[in-house]
Amino acid sequence: MDTEKNELDFAARMRTAIEPARGVDDRGLRNAFASRLKQVAARPEVVPIEFDGRRIEVRRGGTLLGAAMKNGVRLMHVCGARTLCATCRVVVESGEENLTAMSATEKFSLRWHLSVSPRTRLACQARVNGPVEVEPVFPLCGELPGR
Ligand code: FES
């Protein structure tokens, strides 16, 4: 009973704590955030990419998998970026010239998984040098196909 009362008290305190925030006009904050995003996008070391229809920003020279993970895109990577599983496979829709060349290890892994194509890359190996648009081959973790 005490636990239930404590939880109800806690919930009531949380409600009163967030109540003032609901009436706040946050347009200034939104504008500041948007201008900060533009500043970040204008930095030469940051590259905008489109991952599964989501626009994200990536550190130039970073891998597609790292970019996905940092931006909450839950791409499968069962082997932990060791080029063994190919579950991180993506299809490059545009901008393949902005990815690093395929290494022999990556080619071998893709050949093993019968996916050798200039448009198919391992997200754990392909590094980003410019804008690129990719789609994952497998559904993202926690998402069902067609949803
Ligand atoms: S994470 Fe396994 S091959 Fe990329």
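Modeller: Let's start with Asp52, which is in the loop between E1 and E2. Strands here are DSSP runs of E with at least two residues, helices are runs of H or I with at least four, and both are numbered from the N terminus. This is a predicted model, where local features need pLDDT of at least 70 and side-chain atom pairs count only at pLDDT 80 or more, while totals for chains, interfaces and linings use all residues. Residues are numbered from 1 along each chain as its sequence is written, and side-chain values use heavy atoms, with hydrogens and water left out.

The hairpin of E1 and E2 has 2 residues between the strands, and within it Asp52 takes a positive phi near 55 degrees. Asp52 counts as partly exposed because its relative accessibility is 25%; the classes are buried under 20% relative accessible area, exposed over 50% and partly exposed in between, with a 1.4 Å probe and protein chains only. Leaving out residues up to four places away in sequence, Asp52 touches Val134, Glu135, Pro136 and Leu140, where contact means heavy atoms within 4.5 Å. Asp52 also sits 10.0 Å from Glu93, C-alpha to C-alpha, though the two are 41 residues apart in sequence.

On to the strands that flank this loop. E1 and E2 pair in the antiparallel sense over 6 bridges; two strands pair if DSSP finds at least two bridges between them.

Now step back to Phe51, in E1. Phe51 is buried because its relative accessibility is 0%. Not counting residues up to four places away in sequence, Phe51 touches Ile56, Leu64, Ala68, Val73, Leu75, Val90, Val134 and Pro136. Leu75 is 24 residues from Phe51 along the chain, and their C-alpha atoms are separated by 9.9 Å. Ile49 is well connected too: beyond its neighbours within four places in sequence, its contacts include Arg55, Ile56, Leu64, Ala67, Val128 and Val132.

Both residues belong to the largest nonpolar core, which has 25 residues, and they are among those with the most contacts inside it, along with Leu64, Leu75, Val128 and Val132. Such a core is a set of buried Ala, Val, Leu, Ile, Met, Phe, Trp, Tyr and Cys residues joined through side-chain atoms within 4.5 Å. E1, E2, H3 (64-70), E3 and E5 each supply at least two residues of this core, and H3 gives the most, with 4 residues. In soluble globular proteins, nonpolar side chains tend to be buried together.

Thr120 lies in E4 and is buried because its relative accessible area is 11%. Its contacts, again skipping residues up to four places away, are Arg89, Val90, Met102, Leu110 and Ser115. Leu110 is one of the buried residues of H4, together with Glu106 and Ser109. Down the axis of H4, these fall within an arc of 95 degrees, so they line one face of the helix; the arc is that of the directions from the helix axis to the C-beta atoms. They pack against E3 and E4, whereas Ala104, Phe108, Arg111 and Trp112, on the other side of H4, are exposed. Just after H4, Leu114 takes a positive phi of about 55 degrees.

For the overall setting, the protein comes to 4 helices and 5 strands, following the pattern α-α-β-β-α-β-α-β-β along the sequence. Buried residues make up 30% of its 147 residues. Among contacts between residues at least 6 apart in sequence, 64% join residues at least 24 apart.
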